[in-house]
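Hello,

Here is the structure I promised to pass on. Please open it first, then read my notes below.

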Amino acid sequence: MSYNFKETMNKPERLAPGHRMCAGCGGTIAVRNVLRGLHEGDKAVIGNATGCLEVSTFTYPYTAWEDSYIHNAFENAGATLSGVEGAYRALKKKGKLDATYKFITFGGDGGTYDIGFQSLSGAMERNHDLVYVCYDNGAYMNTGIQRSSATPMYADTTTTPVGSVSNGKPQNRKDLAAIIAAHDIPYVAQTTFVQNFKDLHMKSEKAIYTPGAAFLNIMAPCPRGWRYNTPDIMDICRLGVETCYWPLFEVVEGKWVLNYEPKKKLPVEDFLRPQGRFKHLFKKGNEYLLEAFQKEVDRRWEDLKFRCSR
Amino acid sequence: MAKRDRLSGNEAVAIALRQINPDVFPAFPITPSTEIPQYFASFVANGQVDTEFIPVESEHSSMSAAIGASAAGARSLTATSSCGLAYMWEELYIAASNRLPLALALVNRALSGPININCDHSDSMGARDSGWIQMYAENNQEAYDNMVQAYRISEHRDVRLPIMICQDGFITSHAVENIELLEDEEVKKFVGEYNPENYLLNPECPMAVGPYSITDYYMEAKRNQAEGMRHVSQVVLDVAKEFESLSGRAYGLFEEYRMEDAERAVVMIGSAAGTTKDAVDRLREQGEKVGLIKIRLYRPFPAAELAEALKNVKAVAIMDRSEGYTNHGGPLGADVMSALYRAHADALAVNYIYGLGGRDVRVQDMEHVFEALKQMIKEGDAGETYRYLGLRE
């Protein structure tokens with residue numbers, strides 16, 4: 001698949017401006033760039049789990065979506081698009097539809113890792129021809145920064161607040177991309193906003209045009225929940241990748257591929273430091289927490305490299 | 001040409017669905033409705049239908065996928081019972097508020113707990129305020145006939161609401177009865193093509209479904225749903241008339257059985273009406289003026305028509321196959337009593353809870369109810385209006 005940055009960026013926007021997402025929201029950046037993976041002329045039905053994205057882009061009577069769009073509920077974006085895709089196949093079979101449609105659904109990590117997990121797993125296992133995109137900002141941001149199973153260890157959230165006897169979220173985050181890869185679907189990838197979006201653009205196009213089920217996990221920082229300086233989002237994403245906290249990889253027909261290996265792996269504290277949700281890790285006496293965090297990042301990175309080396 | 005056959009209620013509904021040949025059928029197994037998707041899957045496997053059959057991982061997903069398919073422009077449906085319906089509760093409201101004409105073949109079964117697989121109406125009664133049309137059957141023939149009529153009602157442009165076609169778990173779903181089937185071509189012609197005006201897969205005009213709507217529009221959306229519901233009764237009657245000319249079988253909002261000069265009446269829903277008809281016949285032979293009203297259309301509730309049908313009755317027993325935990329009776333009791341009150345009716349009314357979790361109701365049980373009504377008239381007082389029938393003391 002050839003890639004031309006200019007051409008990709010010059011495609012018409014499929015999420016119109018004027019919606020109500022926060023300035024600098026990672027979710028919106030993810031959506032606009034995933035939709036650049038669609039070929040011009042191809043139509044799409046966009047699905048959406050309940051969350052910031054839904055309530056801010058389709059507030060009756062306004063919609064920011066240029067394509068057909070369906071929001072059903074919080075936990076069923078996978079099943080809902082399964083039905084839409086089923087309808088497409090049925091109408092095609094009956095000769096009632098000529099146009100080519102692609103099916104892409106967006107969910108935050110709450111709607112994907114947690115409450116929508118079963119519905120997602122079902123849609124992936126049934127191998128519907130659709131792409132499920134998780135814009136992972138590591139907490140329930142729409143309801144006010146509650147922890148999810150995507151929240152990294154030690155993050156300060158409103159349901160894992162840092163306190164005199166609490167260091168934030170006590171558990172590790174779930175590795176959802178690996179779990180979806182275990183469904184043995186045609187295409188799984190993890191990415192974020194780096195390399196002028198080339199990685200994200202290429203993976204989106206691949207996901208959309210691979211027949212069968214595809215899953216994209218996109219780290220999409222939330223300035224409110226992560227408490228960093230809003231304009232620094234690209235630095236945050238770059239540090240996520242350079243520290244190997246958020247590696248770029250894909251799983252194509254079961255084959256794990258590492259897309260990027262930093263020349264010099266940075267310590268994870270470089271990624272954590274700019275974020276207010278990890279402020280307590282940098283207090284004197286808490287060095288052991290940073291060590292534990294680093295250890296987990298290292299373990300996962302080695303594990304990923306092993307998978308990709310086979 | 002009608003074809004005579006011997007079928008269970010589930011098989012009859014599955015055959016109606018084969019004849020309808022819907023576009024998308026997502027389904028998840030649960031007793032006693034499992035056979036409907038099971039029979040249907042064999043139609044798919046043998047190329048007898050064009051339907052996309054989606055064997056999902058839960059009932060929440062079966063209704064979610066049916067909603068997605070319907071919004072996309074396909075004729076869709078699912079089937080379920082009991083906890084399956086409870087699990088899709090949230091989705092029932094979403095289907096109705098999106099004004100999606102889709103069908104649900106519901107085989108009534110008690111809700112847990114204790115877990116019980118047998119018939120009562122607690123599942124569908126809990127969904128009575130969800131904005132779905134609800135239609136009930138006494139026997140297998142009615143289950144089949146209602147399914148054939150379902151989409152004509154649900155898809156009608158004045159209605160556009162989802163429809164629940166209910167039958168009693170095991171009592172009709174699994175019992176085999178003689179039944180008359182319509183020819184495939186007749187059903188196809190009667191149901192017609194589904195051509196929605198607005199849908200997701202319309203290449204001419206994209207559509208957005210499922211908005212966030214706050215205080216400035218939510219109430220109007222709900223009122224519009226109610227507007228759709230207001231047209232249902234007339235559409236049900238019109239469709240029934242057309243169906244009668246095709247099949248010779250007449251349907252209304254409810255069935256009046258030997259009500260012409262009845263002084264005592266029973267109002268009920270579902271298969272126990274068959275038992276009650278036997279009780280009515282026996283008592284009529286003894287010269288007793290008794291009758292039965294069997295509700296077919298429960299949502300919307302035909303309150304005015306029902307009060308009219310009951311206007312000369314001196315005492316009425318309203319039979320609920322589910323508890324309401326109001327401390328004064330079940331949901332049908334509340335609806336009928338409210339209808340009588342609005343019509344300034346004089347009838348004494350009593351509400352029975354019966355048949356929970358498949359508890360058998362016999363002809364003598366219903367004779368006992370008519371006897372109790374006689375006693376009420378004699379005493380000029382209804383006495384305790386919240387009673388249980390067939391309870392082990």
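**Where the chains meet**

β2(A) pairs with strand β9 (residues 208-209) of chain B, in the parallel sense and over 2 bridges. Within β9(B), Ala208(B) stands opposite Tyr69(A). Keep in mind that this is a predicted model.

Now the wider interface. 39 residues of chain A are in contact with 38 residues of chain B. On the chain A side, the elements that give two or more residues are β1 (43-48), α3 (52-57), β2 (68-71), α4 (77-93) and α6 (117-125). α4(A) gives the most, with 13 residues. By class, this side of chain A has 18 nonpolar, 14 polar and 7 charged residues.

**A kinked helix in chain B**

Next, look at helix α7 (residues 140-154) of chain B. It has 15 residues and reaches 21 Å from its first C-alpha to its last, close to the 21 Å expected. Even so, α7(B) has a kink of about 30°, centred on Val148(B). The helix is mostly covered: 15 of its 15 residues are buried.

**An open sheet in chain B**

Last, the sheet. 6 strands of chain B form an open sheet with mixed pairing, in the order β10-β12-β11-β14-β15-β16. β10 (254-257) and β16 (386-388) of chain B each have a single partner strand, so one side of each is left without a neighbour in the sheet. The twist averages 20° from one strand to the next.

β10(B) runs antiparallel to strand β12 (residues 290-295) of chain B, joined by 4 bridges. There, Tyr257(B) stands opposite Leu292(B). Helix α13 (residues 331-342) of chain B packs on the sheet and touches β11 (264-269), β14 (315-320) and β15 (348-353) of chain B. Its direction makes about 150° with that of β14(B).

Best wishes

Notes:
Residues are numbered from 1 along each chain as its sequence is written. Chains are lettered from A and ligands numbered from 1 in the order in which they are written. This is a predicted model: local features need pLDDT of at least 70, side-chain atom pairs count only at pLDDT 80 or more; totals for chains, interfaces and linings use all residues. Two residues are in contact if their C-beta atoms, placed from the backbone, lie within 7 Å. Ala, Val, Leu, Ile, Met, Phe, Trp, Tyr, Cys and Pro count as nonpolar, Asp, Glu, Lys and Arg as charged, and the others, Gly among them, as polar. Two strands pair if DSSP finds at least two bridges between them. The expected span of a helix is 1.5 Å times one less than its number of residues. The bend at a residue is the angle between axes fitted to the seven residues ending there and the seven starting there. A residue is buried if 20 or more other C-beta atoms lie within 10 Å of its own, exposed if 12 or fewer, and partly exposed in between; C-beta atoms are placed from the backbone. Axes are lines fitted to C-alpha atoms, for helices over the stretch in contact, and angles run from 0 to 180 degrees between N-to-C directions.
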